[in-house]
Amino acid sequence: MMRRTYLTALTAAAALVVGLASATTAFAQQTTLRVFSGGANQRPDLMRKLFDQYQAKNPGVKIDIETGGATSELQRQYLSTVLNAKDSAIDIYMIDIVNPAQYFGAGWLEPLDSYIGKPADVLKPYLPVYSTSNVVDGKLAAMPAFADAMFMYYRKDLLDKHGVKEPKTWDELAAAATKIQKAEGNANLQGLSIQGAPIEGAVCTFLLPYWGQGKDFNDASGKMTLDKAAATKGLATWLSMVDQGVIKKNVAEVKTPDTVNEFKAGQVIFAINWGFAWDRFKDDKDSTVQGKVGVMPLPAMTGGKSATCVGGWQWAVSAFSKNKPAAANLVKFMSSPEASKFLAQEGSLLATYQSVYTDADVVKAVPWFKDAANVVIAGKSRPISKDYGQVSDVIRTTTSAVLARTKTPADGVSEIESRLARVMR
Amino acid sequence: MATATAIDRLRDPSEKTLGVMLLAPAFLLLALIVVYPIGKLIWNSFFDLRLSGGSGIKFVGLENYALVFKDPDFWNAAKNTVLITLITVPGALVVGMGLAMLANLPFKRKWPVRLALLLPWALPLAFAGLIFAWFFHTEYGVVNDIVRRAVSPAEPAMWLLRPNWAFAAICLTIIWKTSSFMALILLAGLQMIPKSLYEAAEVDGASKWQQFWQITIPMLMPSIIVALIFRTITALQTFDIPYTMTKGGPGNSTETLAMLIHKTTIDYLDVGYGSTLAVCMFVLSLCVTAFYLKRIGKNA
């Protein structure tokens, strides 16, 4: 009797010890990763779904999500503060395409080479633009999350009605817009809507007609190669469209959502905006242009070639994270073709892999990806610089001032050159 | 033996020791949140401290200060800041005085007047800036709507895209926002003036105008000085309203010193030069405050 009790107690104790031990190991393997996942336009709801998929496959990992900042500038200000304080609370950051160089230069990002692989091999299957913007000093600074680009949206119905073909150059566009504006006789109908307020979009407003002449703003090493005559001509092109009544006079006040809202209200024939606008035109209840919208490549300058401004978001691991291997593993998953396909199908977020654009499931879910592919592949990256904050500020402030006609295009371009000569060398 | 005396001394401190002990917590707190940051700011201003450069931190002595004096952006921002101060401080004083006099009238119900006084003051600066930015918007703004209906339906003015108009719009917004603070302080001062002074003046045949200049203003002087000091210091630090209305634009024609410091440190990540600019602004505020304190000394 006595002996049996003793045995039972022993077994119970042993079971307890084993149980405790396994509980401890489970506890030891449980890693919590905190991810900054951008603002509402970066679709944290879809990212959460991907994180759930990852958690299901990796029971030891729990992923917390943090969101904030409606615009790229607001997010940059927030992240600069957090990272400057060497905060280890956040392991992974979603950052705008323009930021890897600056953040890596500041020592805020963990190089991913030893976790994921050599940049040249790893980035090969992605769109070409990402292999330049995510490699800093030969190291893998970040991995592509999803793409974005400036698109030329247009009113298919109005072009068809007035027998106008998709314009290939800016001059053709101005002529087409003027023809439609005259025929419609609506004083509120704008020919073209671009962003002229001093926001990030204005950097693209400066670059589009400049690139459209086949010029580059910087070489591969980041040195500025500004062709002043071409840049002046680019800005003058916008102003001449203002004079012709194609672009509205207060263009220097126009922000990204203004273009979206005015196009939705049927007041715009051609509009330049990011990829997210497509869903707004198509799905929003207050959109008066549902089913009337087309997408085409951006016009070139006469004798030049079409080029657009590529955006998009990247995953980066914090240099101050305490869980770098686990974080890098998650980043690898989030930048995989499966994740890219999921985001394309579920949220029509543009894919970072060329192959996804022709994937049968994706084309079925988002037919306009066929048109989008050519635009994105022809896309160029904004200047890559460790001082991008300054580069962006100088270009957008000056562009806005030129569009407000407080500076001439030539003066504006000279100012851009002299202010950036020090930082982009 | 020695410890015993030390404990005794703590238990029954001399007046001097007690004073030190009582002041110590406040002094330590101030040292931590005022002296240390200012010291660190001045320290940083002697370094080339660019977070984006990756070139490391380099001691550069007074080089940053030499750059400030050659920097046209600094002089532009300093000019704008001083202009905003020179326009909005007297502007708010005049409007605030009017509001205070109005609120001091013997209304049957005092609360609607006082509420109207308090509202602009209670509104966050950034909200005021955003609201007025909408007012002055070329197409959607109420200002242009009124102009269109009342004056002429011609070409709408682009208020915030013309440097001088944008500057005027910002000053107007600041005056609207800050005159209620002026009015509150002046109202408190007005209520301290004994009625008997006005009665005596009336007996002597003084007009309302004479009463205002001979009684109200002199009796109100201490309140006016206090209000002016506070308002001037906050005017030198103007940031929120121009930032939300124009972001310093068009170009940098409405950029203030505080905005330039913010841009240099947060957007450009140039902490060294940003600190230098901040020290310059600190010196400017210090000079203005010293000037006022000296004037008060004379008055007292």
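**Reading the two chains**

Mentor: Chain B contains 13 helices and two strands, where helices (H or I, at least four residues) and strands (E, at least two) are DSSP runs numbered from the N terminus. This is a predicted model, in which local features need pLDDT of at least 70 and side-chain atom pairs count only at pLDDT 80 or more, while totals for chains, interfaces and linings use all residues. Residues are numbered from 1 along each chain as its sequence is written, and chains are lettered from A and ligands numbered from 1 in the order in which they are written.

Trainee: What radius of gyration does chain B have, beside that of a compact globule of 300 residues?

Mentor: The radius is taken over C-alpha atoms, and the globule rule is 2.2 Å times the number of residues to the power 0.38. For a compact globule of 300 residues the value would be near 19 Å, whereas chain B has 25 Å.

Trainee: What percentage of the residues of chain B count as buried?

Mentor: A residue is buried if 20 or more other C-beta atoms lie within 10 Å of its own, exposed if 12 or fewer, and partly exposed in between, with C-beta atoms placed from the backbone. By that rule, the buried part of the 300 residues of chain B is 31%.

Trainee: How many helices and strands are there in chain A?

Mentor: Chain A has 425 residues, of which 48% are buried, and its C-alpha atoms fill a box of roughly 105 × 50 × 35 Å along the principal axes. Its secondary structure comprises 19 helices and twelve strands.

Trainee: Where in chain A is confidence lowest?

Mentor: Confidence is given by pLDDT, the predictor's value for each residue, from 0 to 100; chain A has a mean of 88, and 93% of its residues reach 70 or more. The highest value, 96, belongs to strand β8 (residues 190-193) of chain A, and the lowest, a mean of 52, to helix α1 (residues 2-29) of chain A. Over residues 20-26 of chain A the pLDDT is below 50, and beyond near neighbours in sequence this stretch has zero contacts in the model, a contact being two residues whose C-beta atoms, placed from the backbone, lie within 7 Å. Where pLDDT is low, the predicted coordinates should not be read in detail, and in chain A confidence is lowest in helix α1.

Trainee: Which element gives the most to the side of chain A that touches chain B?

Mentor: The contact takes 23 residues from chain A and 22 residues from chain B. On the side of chain A, α3, α4 (100-105) and α18 (388-403) each supply at least two residues. The element that gives the most, with six residues, is α18(A).

Trainee: Which elements do the buried residues of α12(A) pack against?

Mentor: In helix α12 (residues 256-264) of chain A the buried residues are Thr256(A), Asp258(A), Thr259(A), Val260(A), Phe263(A) and Lys264(A). Their packing partners in chain A are β7 (151-155), β8, α10 (201-211), β9 (268-273) and α13 (277-283).

Trainee: Is Ser348(A) buried or exposed?

Mentor: Ser348(A) lies in the loop between α15 (337-347) and α16 (360-365) of chain A, and its phi is positive, near 40°. Most residues other than glycine have a negative phi. Because Ser348(A) has 22 C-beta neighbours inside 10 Å, it counts as buried.
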